[in-house]
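Hi,

Here's the structure I promised to pass along. Have a look, then read on for my notes.

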Amino acid sequence: GMAIFYVAPNGDDRADGLSPATAFASLERARDAMRDSAGSDTAYVAAGTYEQDQTLRLTEADNGSSFVGRGEVNVSGGVSVTGWTEGADGQ
């Protein structure tokens, strides 16, 4: 079959992901849901920023599945570094 899942920055990975109102929060959760349904699935990814704490790994198990951006989707893999102080030499 073909399932459609939704991902949104304000989503919840404990939700079912089957509607915009019950969207997942992470790309990993959508990937896993698409793997579990074993079809040619689509995950619609709402506009926003998705902070990744690990690499999103895709394998042969994900062939046929699609992530489709809805608006501007930013996937951020970096860790924000804060608390910089300027050294005496401006470096």
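Below is what I found in it.

First, the caveats: this is a predicted model, where local features need pLDDT of at least 70 and side-chain atom pairs count only at pLDDT 80 or more, while totals for chains, interfaces and linings use all residues. Residues are numbered from 1 along each chain as its sequence is written, and side-chain values use heavy atoms, with hydrogens and water left out.

Of its 91 residues, 25% count as buried (under 20% relative accessible area, 1.4 Å probe, protein chains only).

The largest nonpolar core has ten residues, among them Phe 5, Phe 24, Met 34 and Tyr 50 (buried Ala, Val, Leu, Ile, Met, Phe, Trp, Tyr and Cys joined through side-chain atoms within 4.5 Å). Strand S1 (4-7), helix H1 (27-37) and strand S2 (42-51) each give two or more residues to this core, with H1 giving the most, four. Beyond its neighbours within four places in sequence, Tyr 50 is in contact (heavy atoms within 4.5 Å) with residues including Val 7, Ala 25 and Val 73.

One for you to look at: Glu 28, in helix H1, is buried yet has no salt bridge (side-chain nitrogen of Lys or Arg within 4 Å of a carboxyl oxygen of Asp or Glu). The nearest side chain of opposite charge, Arg 31, is 5.9 Å away (Lys and Arg count as positive, Asp and Glu as negative; His and the chain ends are not counted).

Cheers

Definitions and conventions: Buried means under 20% relative accessible area, exposed over 50%, partly exposed in between (1.4 Å probe, protein chains only).
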